[in-house]
Amino acid sequence: MLVLVTGATGNIGRHLIDSLLARGHKVRALARNASAKLSPEVLSRLESVVQSTGYDDIASLDRGCAGVDAIINAYSGRPELTLEGQLLLLRAAERAGVKRFFAACWNYDWTTLKLGQHEGYDPFIAFQNHVDLTSDIKPIYIFTGVFAEVFFATPGHGDFSPRNSGLWDPERKRLEIWGTGDEPWHWTTERDAAEFAAELIQRDDAAEGGYWRLCSGVNTLKEIAATYGEVKGVDVDAEVMGNAKDLRERALQARREGSRRNFWLYIGWFYQLYTVEGTWSLKTLDNDKLGLRTTTLQEFLQQNPAI
């Protein structure tokens, strides 16, 4: 197949290129500055690169979609990209007659949420609802929990540290726990996320779309702290900050004191809250349906010595 990867220079996009090429597919990239962000070796393996000026560059979207068999959207989680940008891409796919469409997702399970519960996921819910109402395309949506790179506040992959209402302090090797620390956290490496997408888009039933719940692993925060200590040979300072009720009060207070226009400053509290309370946990996993080997937590930590 010829697969268009949008957002090809991002953290997931670059893994997608490798995963698709390894399966024998041809890859077309759509990006704003591929030549500066992708190596000459990677560029030489692509079918073509479509230069875009932005998510609303309709001409580049049409050029990118022309003649492809499938589309995997790897846009970042900015609301304007998730909703407006993705709808424009979907319309270009419709004009090109493309039926295999993998939506930017890689989230916790927002099918359990209503609009207004989580500002970061509202655009995903709105996109899914609008597509159902207006399009014959049936996107594939994938729920993978938290990215391992984001969990550990890896530079360039999102800051989920306590200074940004997160839980892992990368400088002090400290874990702030809300709840008991025994609640399950579903997590996925960016490489595994790309592998899932590449495997799903080539399935015979890909055009039928649907929801998939997949992850690299499931661990409690206590287990994550213990595994980090074993692999890195350091003692992790894991401190219980409060129970679930305390966390809910903290999250709601932060929302009241903040601004929805800049929800990134407090949304991490709700990310933790809905995980601790199990609101959006991946109840039934589909990993067995794909049969892919995933990365263990030990392997991920060993492969990333800087974490």
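Strand 9 (residues 174–178) and strand 13 run parallel and are joined by five bridges; helices (H or I, at least four residues) and strands (E, at least two) are DSSP runs, numbered from the N terminus. W178 has G242 as its bridge partner in strand 13. The model is predicted, so local features need pLDDT of at least 70 and side-chain atom pairs count only at pLDDT 80 or more, while totals for chains, interfaces and linings use all residues. Residues are numbered from 1 along each chain as its sequence is written, and side-chain values use heavy atoms, with hydrogens and water left out.

The open sheet has three strands in the order 8-9-13, with mixed pairing; two strands pair if DSSP finds at least two bridges between them. Its edge strands, each pairing on one side only, are strand 8 (168–169) and strand 13 (237–242).

Buried means under 20% relative accessible area, exposed over 50%, and partly exposed in between (1.4 Å probe, protein chains only). In a regular strand the side chains alternate between the two faces of the sheet.

Strand 6 runs parallel to strand 11 (residues 210–213), and four bridges join the two. F143 is paired with R213 of strand 11 as its bridge partner.

## Nonpolar core

The largest nonpolar core has 101 residues, and W106 and F152 have the most contacts inside it. Such a core is a set of buried Ala, Val, Leu, Ile, Met, Phe, Trp, Tyr and Cys residues joined through side-chain atoms within 4.5 Å.

Not counting residues up to four places away in sequence, W106 touches I12, L16, I72, N73, A74, I142, T144, G145, F147, A193 and A197. Contact here means heavy atoms within 4.5 Å.

## Aromatic pairs and charges over rings

The whole structure holds 23 aromatic pairs. Rings of Phe, Tyr and Trp (its six-membered ring) pair if their centres lie within 6.5 Å; planes under 30 degrees apart count as stacked, over 60 as edge-to-face and the rest as tilted. W110 and Y141 are edge-to-face because their ring centres are 5.6 Å apart and their planes are at 85°. This pair links distant parts of the chain, 31 residues apart: W110 is in the loop between strand 5 and helix 6, and Y141 in strand 6. W110 counts as buried at 2% relative accessibility, and Y141 counts as buried at 4%. Y121 and W280 form a tilted pair, with 5.0 Å centre to centre and 40° between the planes. Y121 lies in the loop between strand 5 and helix 6, and W280, 159 residues apart from it, in the loop between helix 11 (267–276) and helix 12 (287–290). Both Y121 and W280 are buried.

One aromatic cluster includes Y121, W280 and F270. R255 lies over the face of F270, 3.9 Å from the ring centre. The charged end of K289 sits over the ring of W212, 5.8 Å from its centre. The criterion is NZ of Lys or CZ of Arg within 6 Å of the ring centre and within 35 degrees of the ring normal.

## T112

T112 is in the loop between strand 5 (100–102) and helix 6 (122–134). At 39% relative accessibility, T112 counts as partly exposed. Leaving aside neighbours within four places in sequence, T112 is in contact with Q117, T279 and W280.

The T112 side chain reaches the backbone oxygen of D109 at 3.0 Å and the backbone oxygen of T279 at 3.0 Å.

Notes: Polar contact = N/O pair within 3.5 Å; in protein donor to acceptor, adjacent residues only side chain to side chain.
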